[in-house]
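Subject: Structure handover, with notes on a pocket and salt bridges

Hello,

I am passing the structure below on to you. Please look it over before reading the notes that come after it.

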Amino acid sequence: ERTRQSGQLGSLNRLLFGVMAAGTLLMAAAVFLPELWENLTAEGKDSQLYKNLDVLFVLTIGGILHKVSSGYMHALLRTVVPTLLSEVIVRLLSLCAVVLYAADYLLFDELLWAYAGIYIMPGLVQLFLVGTDVKKMTSNGNSRTREMLVYGGYSVLDSGAAILINRLDMLMIGVFLPIEKVAYYSIAMFISTVVQVPARALSSISTGLVSKYWAESNMGKIKEVYFKSSLNQLLFGGLFFALIWGNIYEIQQFLPSNYRGVTYVILFLGLSKWVNMAFGINGSILLTSSLYKWNFYLNVVLLGITVVTNYWLIPVFGIEGAALSTFLSMLVFNLLRFGFLWKRFKLQPFGQDHLLGLVLVTVVFFLGMIIPDLFGSSKQGDLLEIIVRSVLLVGVFALALYTLKISEEFNKLVKRFLPII
């Protein structure tokens, strides 16, 4: 038994270093074969991306380390440390580096290297903890070590595919277009992530519940969570999207003038995130089921779709093409997940309330477009415009949502807080 588990530990080590080695070799090819870079990119060796390939190399290794070790830590039920490192420590250290740069204590190149060092740190810490945990498991004779390591291995592969998918559009923009277009696209992506705020709060809670219900074979509860997650994410993700689009021109006035031509990039990226939310927690359900391997396989399909659509659309439509590619890829990806869960488990998240919710979101969306400007075109006027329009839209949305009783959770929340008010 001890020999078998030692073999499993060796397999784990081979997988860890195999994944890291693959990423390292890919980046080394980019660094040490500059003639390929010259032929692939719009600006060749003169591009800022090429000049900072060494930093990009370290960042890539840091990302691979982080995702590899995070996948295993989640498989080993150690979720606190990855969250603390990535959500708190890295952000605080990054903020400190930016402050030091703003105060002229760091040069720009030093800032890049500081960020690279900060980004690689969580992976190193987690890799050490993974090794410690696995050694404890094998020494204690844990009979489920192999099962957990296999699950962790697929989590690693799944995370690796997710890294590529989330960064592929920006990388391909850098290949086909001037490097400043990446910066414009990044700003649009940052703005569009506001749509995902409701999903982030829901995801961590629902994943734990679904995992518990799978263990109990409670399909009724899984269907309930699937339905409610889809409905509430459609509603509140749609509200956030409507707020962004209703204030799109005022928001862009706070950006530098050369960053303001990203209106339709924000539209397509926002739509892609809303579509992803509207399909509910299909990823969490699949990832915590006995068919968790299919989550990775479908991510590979998404990666292929993303490459093809970006290759087709970016040269034709520029950064708007990359955003459209993201929207189309996410729509097809979620349809595939939807079809898979329905075929294998007879699970689907939609009902009549979704149709009513879609009508409500559509009304609020177009209402935001027709509310006239009231405060002029100054910065102060734009800020007041955003505040007033947002308050009106949220008020209409909340009143209609409560009256129509679309979301049971929202009505319960309102009734709980009304006596306090």
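This is a predicted model: local features need pLDDT of at least 70, side-chain atom pairs count only at pLDDT 80 or more; totals for chains, interfaces and linings use all residues.

Two or more lining residues come from each of helix 9 (197-215), helix 10 (219-246) and helix 18 (408-417). Which helix gives the most to this lining? That is helix 10, with 8 residues. By residue class, the lining of the second largest pocket divides into 9 nonpolar, 5 polar and 4 charged residues.

The salt bridges around Glu 224

The structure holds 8 salt bridges. Two of them involve Glu 224: one joins its side chain to that of Lys 221, at 3.7 Å from N to O, and another joins it to that of Lys 228, at 2.9 Å from N to O. Glu 224 and Lys 221 are both in helix 10, 3 residues apart, which is about one turn of the helix. Glu 224 and Lys 228 are also about one helical turn apart, because 4 residues separate them in helix 10.

How accessible are these residues? Glu 224 counts as partly exposed because its relative accessibility is 32%. Lys 221 has a relative accessible area of 33%, so it is partly exposed. Lys 228, at 25% relative accessibility, counts as partly exposed too.

These salt bridges belong to a network that links Lys 221, Glu 224, Lys 228 and Glu 409.

The salt bridge between Glu 250 and Arg 389

Glu 250 forms a salt bridge with Arg 389, and their closest N and O atoms are 3.5 Å apart. Glu 250 lies in helix 11 (residues 248-252) and Arg 389 in helix 17 (residues 379-404), so this pair ties together parts that are 139 residues apart in sequence. Are these two residues buried or exposed? Glu 250 counts as buried because its relative accessibility is 8%, under the 20% cut-off. Arg 389 has a relative accessible area of 3%, so it is buried as well.

Regards

Methods. Residues are numbered from 1 along each chain as its sequence is written. Side-chain values use heavy atoms; hydrogens and water are left out. Ala, Val, Leu, Ile, Met, Phe, Trp, Tyr, Cys and Pro count as nonpolar, Asp, Glu, Lys and Arg as charged, and the others, Gly among them, as polar. A salt bridge is a side-chain nitrogen of Lys or Arg within 4 Å of a carboxyl oxygen of Asp or Glu. Buried means under 20% relative accessible area, exposed over 50%, partly exposed in between (1.4 Å probe, protein chains only).
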